[in-house]
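Here is a short briefing on one protein model. It covers strands, salt bridges and surface charge.

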Amino acid sequence: MRALPAFAAALLTASLALAGCSMGASDSQDMKADSAAKPATGQQGAGAAADEGKGEQLAEGGKKTDAEAAKTHVIRTATLSVEVKSVTKALAEARSVALDAGGVIEDETTERVDDSYITSHVVLRVPEAEYDSVLTELAGTGKLLSRSANAKDVTEQVVDVNSRIATQRASVNRVRKLMDQAQDITDVVALESQLNTRQAELESLLAKQASLADRTTMATVTLDLSERAKEEKADEDDGPGFLDALGGGWDAFVSVLRWIVVVLAAILPFVVALAVLFVLWRVFGVRLTALRARRTPVVEPAAAPSPSPSPSPDEDKDEGKQD
């Protein structure tokens, strides 16, 4: 009687080792093991009922797989970079848009750069149905600098994972039934090892299924918010004031002074050359003029004859009387 459970455990171990075989081959080996173990325990009626229930579960699983195959599963992601007047206000608006759409704020990083402007990096998760509307609203919060969107079809991965989960669950259930029917401690230990291995694989597949479901039902939107520096905003918002005019005048004065220095530096060599020539002329030119003056004889002008004195009017009158 004990040989039959041992034989069933050996068959199950061999069937589990052949993981690369098809699903039909694995099912046939497990059913042979079940049929070998059931007569030993005298539970033929219960085994038939279990097989019938197992067939119904497989049928339901096949229907679910077909429904999943008919549905398209897409992972959507987008990245937006927007320049706004106030990052604080834009961030509050982005939160409101995501929450109103039924999404969540997955990650947020806000920092002040050089004490002049603020930047924020936000990761939003929104339902796939609200994906396009959320992108439109977020892009309208300010000046759109860049936008990128990506859609990845993972329908084949989802169908494959679902099928493997159904197969793995059926295998785990069969191992558990064999453990309940086993009477030898060696068989129990071997079946328990196989059960742990299959259970770990099933949990890994379930985690992958949950990850795919989360990424296909909720789209990921990465939003980068930035604002202009205070100097730029002041130049655009306010006109030039007294300090601006004073600063501009000082800059103009410095520029003019700089150009004057450049011009003086350019003509300085000519000024020096002219100064040297002038000094030479003053030193040697004056001496040459003095030497020439000494060598040239001085000609005295001839004395002019003195004019005779003309008679005065009284003398003329006396001469007239005498006559």
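**Briefing**

T77 is partly exposed, with 29% relative accessible area (buried means under 20% relative accessible area, exposed over 50%, partly exposed in between, with a 1.4 Å probe and protein chains only). T77 sits in strand 1, residues 74–84 (helices, H or I with at least four residues, and strands, E with at least two, are DSSP runs numbered from the N terminus). The C-alpha atoms of T77 and A151 are 6.5 Å apart, although 74 residues separate the two along the chain.

The model is predicted: local features need pLDDT of at least 70, side-chain atom pairs count only at pLDDT 80 or more, and totals for chains, interfaces and linings use all residues. Residues are numbered from 1 along each chain as its sequence is written, and side-chain values use heavy atoms, leaving out hydrogens and water.

**Strand pairing**

- Strand 2 (residues 104–113) and strand 3 (residues 117–127) run antiparallel and are joined by nine bridges (two strands pair if DSSP finds at least two bridges between them).
- Within this pairing, V113 stands opposite Y117 of strand 3.
- E108 has V122 of strand 3 as its bridge partner.
- Three residues lie between the strands in the hairpin of strand 2 and strand 3, and D114 there takes a positive phi near 55°.
- Strand 3 also pairs with strand 5 (residues 218–227), antiparallel and over nine bridges.
- Why is strand 3 described as largely enclosed by the rest of the structure? Nine of its 11 residues are buried.

**Salt bridges**

- The count comes to six salt bridges (a side-chain nitrogen of Lys or Arg within 4 Å of a carboxyl oxygen of Asp or Glu).
- One of them joins the side chains of E108 and R95, at 2.7 Å from N to O.
- E108 lies in strand 2 and R95 in helix 4 (residues 87–100), so this pair ties together parts 13 residues apart in sequence.
- E108 is partly exposed at 32% relative accessible area. R95 is partly exposed too, at 32% relative accessibility.
- R125 and E106 form another salt bridge, with their closest N and O atoms 3.3 Å apart.
- R125 is in strand 3 and E106 in strand 2, so the pair ties together parts 19 residues apart in sequence.
- Is R125 buried or exposed? R125 counts as buried, at 7% relative accessibility.
- A network of salt bridges links E106, R125 and D214.
- R164 and D160 also form a salt bridge, the closest N and O atoms being 3.8 Å apart.
- R164 and D160 are four residues apart in helix 6 (residues 155–181), so about one helical turn separates them.
- R164 is partly exposed at 42% relative accessible area, and D160 is partly exposed at 39%.

**Surface charge**

- E93, D100, E130 and E137 form a negative surface patch.
- Patch residues have over 30% relative accessible area and no salt bridge; like charges are joined within 9 Å, and nonpolar side chains (Val, Leu, Ile, Met, Phe, Trp, Tyr) within 5 Å.
- Accessible areas come from the Shrake-Rupley method with a 1.4 Å probe, and for residues only the protein chains shown count as cover.
- Lys and Arg count as positive, Asp and Glu as negative; His and the chain ends are not counted.
- The place of a charge is NZ of Lys, CZ of Arg, CG of Asp or CD of Glu.
- E137 belongs to helix 5, residues 131–139. E137 is partly exposed, with a relative accessible area of 43%.
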